[in-house]
Amino acid sequence: MAVEAVRQDITEELGRTDNKVDLPSMSELASYVADQDTESGSEADSPTVGDYTAADPVMTVRDCNVFYGDTHALIDVNLDIGRNEVVALIGPSGCGKSTFIRCLNRMNDTIDIARVTGDLRLYGDDINARKTDVVLLRARVGMVFQKPNPFPKSVYENVAYGPRLHGLASNRAELDEIVQTSLERAGLWDEVKDRLEEPGTGLSGGQQQRLCIARTIAVSPEVILMDEPCSALDPIATARIEDLIDELSQNYAIAIVTHSMQQAARVSQRTAYFHLGRVIEVDTTDKVFTNPGHKLTEDYVTGRFG
Amino acid sequence: MTSASSSSQDDVLSKVRASLDRRYKRERRFRLYGAASAILGLAFVAILFASIFSNGYTAFWQTHVQLDIYFDPDIIDPDGQRDPQALSGANYTKLVRNAMAELFPGVSGRRDRRALNGLVSSGAAYELRRMVLEDPAVVGSKRTLWLAADDEVDMLMKGYIDRNVPQSSRRIKDNQIGWIDELVGQDRVRQQFNRGFFTSGDSREPELAGIGGATKGSMYMLIVTFLLSFPLGIAAAVYLEEFAPRNRWVDLIEVNINNLAAVPSIVFGLLGLAVFINFFGLPRSAPVVGGLVLTLMTLPTIIIASRAAITAVPPSVREAALGVGASHMQMVFHHVVPLAMPGMLTGAIIGMARALGESAPLLMIGMIAFIVEVPGTPFDPATALPVQVYLWADSPERAFVERTSAAIMVLLAFLLVMNAAAIWLRKKFERRW
Ligand SMILES: Nc1ncnc2c1ncn2[C@@H]1O[C@H](COP(=O)(O)OP(=O)(O)OP(=O)(O)O)[C@@H](O)[C@H]1O
Ligand SMILES: [Mg+2]
């Protein structure tokens, strides 16, 4: 690995959080590169430790690469998401977790400089193909974003918007029903049932996040992508969302990005560890947390890194 | 150890204090400058308003003279047929003259009689004719009526004419002043609210001239401008921001829209003359052409403001909409456009306000003509308020001075209303995100 490349990686990682941090000197970098090269000697040959396939895959991703302009944000990523399965995506900040799940519903289309290559499939349908209908894809693959982003409309309208778009309810009563069950499942109903007409943006941060979850499940997608859905929630709301994830996994495939190792351990069956744009290790959650196969994974899950 | 750390702590504190002092001073200074410039600006506005108001408020009242008019059937309708043709063609000025002669029997000689009759506006005859045509039954009766006085009388009554100036350098003569004083003594002179100022068109006689025609012309023009420029501007902005491919052509269009916004307005007038009048053969002096020209002028402003409003919609809202499966079009029209609407409306209203105050391009398309008729449709010849101001400011009669200021007041009132509407709309539609 070249010194420049590492410097570049570090720049990116630092660039995300704080632009003013001084970069390490070249000599420091050189020693770091030496370390990395020995540590990740196997990285280049066998890219991912563990088994990235799922027995009954809903989504399959092979050789996925993402570029933001010249930045290579995802490198040769392989990963399956199985039916009725929760996959946790963990890794240090800026390693490409969000980038990865945004590929799965073509959300990266909205970023002009983003370029996605590779073979991504939902039940065998090519996600990345030019002729793929992204509207249909996004109805099938729902997403909860990292930052809560309710519409500046009423709570009711927030949840009803998706079902109305797709014509899921034939009358007002059905729509009310969908809104109520979605809010209940997101654990928000009791708090908002008397203020359905108030703007969704007037809720607290945690409530907004649950509103976004309700909005996503209201269209009954086949796959649900969650980007740190609990980062703004208190332990009680978090527990409720984790219950919801459990419940949803009976019917749906779920990918969840989280910075909480405990949460990953609680909700997921499999865990993928991302590092600098690569999937370092994928395995059952048990295995990743108790007996990781890669030095980097071990460092991360034991808290020595990131 | 502790003392060392606490002394360094003190050191830091004292440094912070020293710098705090400086920072607060700078802040106070800045606030002072800000307040000073705001006050200066306000002062200029106040001076402007005060001078216009003090010059113009008298125009809303008009001096009237009370006359006992005998609707003499021999003059109005010698045939006794009550034929409308004959009624409307009759010599009503004679009725006024007779009434004046009755009031001042001692006045004789052509010159003096003419001077006496000059005290009443020539519009009085039109007023009498209107009464007769409305109700022919008045013929033969005697009525006591308040009729508009001549503009010079009006000026004298409003105190704009100095009686001590030698007779030769004022337009109202000593004998006329004597008669007026006599009329005042008989309580036959008073000020009335000047309704005609708001309803009539232009006239050579100041006491008959009004802004009705110009206001209506301006209104037609603004309606045409709004109907064309608002939808076009928004459609262009939405297309350029949301749908247009990013390439050299679109860049070129963008640059040119920005350039258009900076083109002097008279150039648009020339363009309008060449294209709308000479090429498409639209009528001269018509508000519809003015509206088209002002549309050209307003479009870039609306497009630029609308695009800024669209870009200000946070990307998270777009992602949210796309994330639940909205198509690009649905995302734009369900979320982006409603959120950008306040900004677009503000841009449009500011553009319209500029258009309302514009006169240069209208000169080129003939809207500076002297037009007495109040326009009935956007295709009739008309002037606009700012042009009317210009025309009156150019007239020699003293009475037009106050009318100019009054017209400016009406124009300013329109602008204030429009700007208030912009603020109100923004407040009404403004949403937090
Ligand atoms: N819109 C973008 N334009 C350019 N580079 C981007 C963009 N989004 C992400 N990146 C880069 O891609 C890399 C991966 O970013 P990503 O958001 O996927 O990280 P992440 O793993 O989700 O981090 P976090 O845990 O902090 O959310 C980073 O280096 C980031 O700088
Ligand atoms: Mg992220």
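In what order do the 4 strands of the open sheet in chain A run, and is their pairing parallel or antiparallel? The order is β3-β2-β5-β6, and the pairing is antiparallel. Please keep in mind as you look around that this is a predicted model.

**The antiparallel sheet**

At the edges of this sheet sit β3 (71-82) and β6 (125-126) of chain A, each of which pairs on one side only. The partner of β6(A) is strand β5 (residues 114-122) of chain A, and 2 bridges hold this antiparallel pair. As a general point, strands of a sheet pair through backbone hydrogen bonds, either parallel or antiparallel.

**Around strand β8**

Now turn to strand β8 (residues 223-227) of chain A, where you will find the parallel kind of pairing with β7(A) and with β9(A). The table lists the two pairings.

| Strand pair (chain A) | Direction | Bridges |
|---|---|---|
| β7 (residues 141-144) and β8 | parallel | 4 bridges |
| β8 and β9 (residues 253-257) | parallel | 5 bridges |

Leu225(A) is a handy landmark here: Met143(A) stands opposite this residue, and Leu225(A) in turn stands opposite Ala255(A) in β9(A).

Is β8(A) mostly covered or mostly open? The strand is mostly covered, with 5 of its 5 residues buried. In a regular strand, side chains alternate between the two faces of the sheet. Both faces of β8(A) are covered: one side carries Val223(A), Leu225(A) and Asp227(A), the other Ile224(A) and Met226(A), and all are buried.

**The cysteines**

How many disulfides does the model hold over all chains? The count comes to 0. Cys95(A) shows why: the closest cysteine sulfur, in Cys103(A), is 13 Å from its own sulfur, too far for a bond, given that a disulfide needs the two sulfur atoms within 2.5 Å. Cys230(A) is in no disulfide either, and its nearest cysteine sulfur, that of Cys212(A), is 13 Å away.

Are Cys95(A) and Cys230(A) buried or exposed? Cys95(A) has a relative accessible area of 1%, so this residue is buried. Cys230(A) is buried as well, with a relative accessible area of 11%, because buried means under 20%.

Terms used: Residues are numbered from 1 along each chain as its sequence is written. Chains are lettered from A and ligands numbered from 1 in the order in which they are written. This is a predicted model: local features need pLDDT of at least 70, side-chain atom pairs count only at pLDDT 80 or more; totals for chains, interfaces and linings use all residues. Side-chain values use heavy atoms; hydrogens and water are left out. Buried means under 20% relative accessible area, exposed over 50%, partly exposed in between (1.4 Å probe, protein chains only). Two strands pair if DSSP finds at least two bridges between them.
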